[in-house]
Amino acid sequence: MTRPTPPPGPAPRVPPPRIDAPTVRTVRPVRTTPEPTPRPAQAGPSQAAPVPAGPRHTAPPIPRPPAPTPRDGAPRTARDGAQPSPRDVASPVRRDTAPPTARDAALPTARDTALQSPRGTATAAARHSAPPAPATPVPRIAEPRAAAPPTAPPPTTGPAAADDEPRPASPATLSSATLSPTTLSPTTQPPPTPPPTAQAPRASRLIGVDAARGVALLGIIAVHALVETTDDGVSTPSYLIFGGRSAALFAVLAGVSFAFLTGRARVRPGPDLRSAAAMLATRAGMLMLIGLALSWTDPTIAALILPYYAIAFLLAIPLVALPTAVLAPLAAAFCLGIPVLSHLVRPMLPVPDLGNPSLTGLLTDPLGLLSELTVTGAYPGVVWLAYMAVGIVVGRLRLSSARTAAGLLVWGVAAALAATAASVRLLGPGGGYAVIAAASPPELLDSAPTIADAVTGYPDGVTPTTTWWWLATVAPHSGTPLDVVQTAGSALAVLGTTLLLAGITTRGVSAVLGHLLRPLAAAGSMTLTFYVASILFMNSPLDTFGPLEGYLWQAGVALVAGLAWRRAVGRGPLETLVSAPALAVRDRVRPAAGTGTPSAAGRHRD
């Protein structure tokens, strides 16, 4: 029987040779991107319009009989080298007929990858043998649209991940979701790194400031507990190191606290200044009350500094309203000018008794007590106002910066050395000691072996006014211009050192420094509490120790107890007693003023 002649048409193309299964099994598609959120499905057959073939499909779709079936039984498609079948022409618009893009020429599709394996041939056979169904077509790879917002978080694997090693994916994971333009785009950038938090620098700044307070606390306890002079009147090394410098460091750090409490910026005149002044005046009042409550203690053991600080606090309130550009030169003028003015005024004021200020003295001789606290006492408020001004200027700086800390260290050391060198030059070769010896009473000359030792150990807050050459000394607690410059420079050097140490982040070194600075900073965060505790201890029967042994016990208790209290409770008890009413007054004045103090006021623990 003669077979019918097939209809004329182009000769069937010879299919490419079949790839054996064992060879194909070794090919595994590798994907380095995770599955993003699937894109919305394309329109169905009834809604999609025919799309003309792109450059990848140059042959027009011509209806032809099915191509010869290969040996494995899987029919070939246009992609496999044969002409498309009528079913392919009638099927919905698919990826094969979509207009290609630039990415299509470089990146294989999931269908290309799947048809290179036995699993792909089986899939192709099943697709051609099954009846057409309105299944959801494979999403078309297209250029990412700028208007489409991301609907999923950035991938955690692939090129943008922490590790850059490619991770192989199984064929099951090569779904339409993995063909997202976002994941396949060669220009995909890793997720932006969040900006570094400011908590670490701020924490190092606070630790450095508190550690400097801890140094001041240990120094002032050393001045009280250790011996100041030997039996023949020569000042001891501990007094020469800690005498005057510890109290000055306290005053400078009090100014830094002023800057923190007022937002580290100038306080504008008006409601803000009134609320800030009310808060600072309340703190000064609380310090005065605590100092008056301790007036029964022995001034020969420890002269109370709290009443003098209260006066300095009140005098420093107007300084917070000055811009830094004005306050900085004014602070320098205070350091050099106020001691000179004090030297001029003191001869006209009553002679102080240098006892601890008491409530009785406040009631019986208020002007005499005010004169002593302000000008003639052991810690005269007008002289210590210079330290407060320096501290406010420093507190407005960026203390978290290593450059600022290094500047404080360098300039502080330079100021201290320059003042000391000037004093030595003026009193020695300049003839200052000879003039002081000639103008001093015999008891001063008999108090020490040499005039230099007498000048070093005699001042107690102020110097005699018998000659102007007294202003050339840098003796502890002398209150001269050179003494103020030297002690202020020492305070800045200590603060810069602690800030630098607290800001070190080198592995290993930072851990060791942390163990050393944390107890010091914990004690420094409770300076008022431990200062009062030290005064009470040394004036009690419990102090049966020698000078050095008693100092070591007090220092050890302050470090250990301070660290334990800070971890368990936080703020010290007397610090809370001073801060709570100050903040309450500020909040009470704020509604009446109409606005509040700067937003940063009250944030820093003091």
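Patches, in what follows, are made of residues with over 30% relative accessible area and no salt bridge, where like charges are joined within 9 Å and nonpolar side chains (Val, Leu, Ile, Met, Phe, Trp, Tyr) within 5 Å. A salt bridge is a side-chain nitrogen of Lys or Arg within 4 Å of a carboxyl oxygen of Asp or Glu. Accessible areas come from the Shrake-Rupley method with a 1.4 Å probe, and for residues only the protein chains shown count as cover.

Before we look around, a word on the source. This is a predicted model, in which local features need pLDDT of at least 70 and side-chain atom pairs count only at pLDDT 80 or more, while totals for chains, interfaces and linings use all residues. Residues are numbered from 1 along each chain as its sequence is written, and side-chain values use heavy atoms, with hydrogens and water left out.

Let us start with confidence. The pLDDT, which is the predictor's confidence in each residue from 0 to 100, averages 75 over the chain, and 64% of the residues score at least 70. Residues 40-58 have a pLDDT below 50, and beyond near neighbours in sequence this stretch has 23 contacts in the model; a contact means heavy atoms within 4.5 Å. Residues 86-134 also have a pLDDT below 50, with 78 contacts beyond near neighbours in sequence. Where pLDDT is low, the predicted coordinates should not be read in detail.

Now for the overall build. The chain has 23 helices and zero strands; helices (H or I, at least four residues) and strands (E, at least two) are DSSP runs, numbered from the N terminus. Of its 606 residues, 42% count as buried, where buried means under 20% relative accessible area, exposed over 50%, and partly exposed in between (1.4 Å probe, protein chains only). Among contacts between residues at least 6 apart in sequence, 78% join residues at least 24 apart. The chain exposes about 31300 Å², and carbon and sulfur atoms supply 66% of that area.

On the surface you will find the nonpolar patch formed by Leu341, Leu344, Val345, Met348 and Trp468, with about 540 Å² of accessible area together. Trp468 sits in the loop between helix H18 (451-457) and helix H19 (481-502). Its relative accessible area is 46%, so Trp468 is partly exposed.

Leaving out residues up to four places away in sequence, Leu495 touches Gly208, Val209, Ala212, Leu253, Val256, Val394 and Leu408.

Helix H10 (residues 306-316) is worth a stop. This helix is mostly covered, with nine of its 11 residues buried, among them Tyr308, Tyr309, Ile311 and Phe313. The cover over these buried residues includes helix H8 (245-261), helix H9 (271-293), helix H13 (366-376), helix H14 (381-395) and helix H21 (527-538).

Charged pairs come next. The structure holds three salt bridges. In one of them, the side chains of Arg213 and Asp210 meet at 2.8 Å, N to O. Both residues lie in helix H6 (residues 199-225), three residues apart, about one turn of the helix. An α-helix has 3.6 residues a turn, so residues three or four places apart point the same way. Arg213 is buried, with a relative accessible area of 4%, and Asp210 is buried too, at 0%.

Asp210 also meets Arg566 in a salt bridge (3.4 Å, N to O). Asp210 lies in helix H6 and Arg566 in helix H22 (residues 547-568), so the pair ties together parts that are 356 residues apart in sequence. Arg566 counts as partly exposed, at 27% relative accessibility. The side chains of Asp587 and Arg586 form a salt bridge as well (3.2 Å, N to O); Asp587 is partly exposed at 37%, whereas Arg586 counts as buried at 9%. Salt bridges that share partners join Asp210, Arg213 and Arg566 into one network.

Finally, Thr527 of helix H21 counts as buried, at 12% relative accessibility. Its contacts, leaving aside neighbours within four places in sequence, are with Arg213, Leu217, Phe250 and Glu575.
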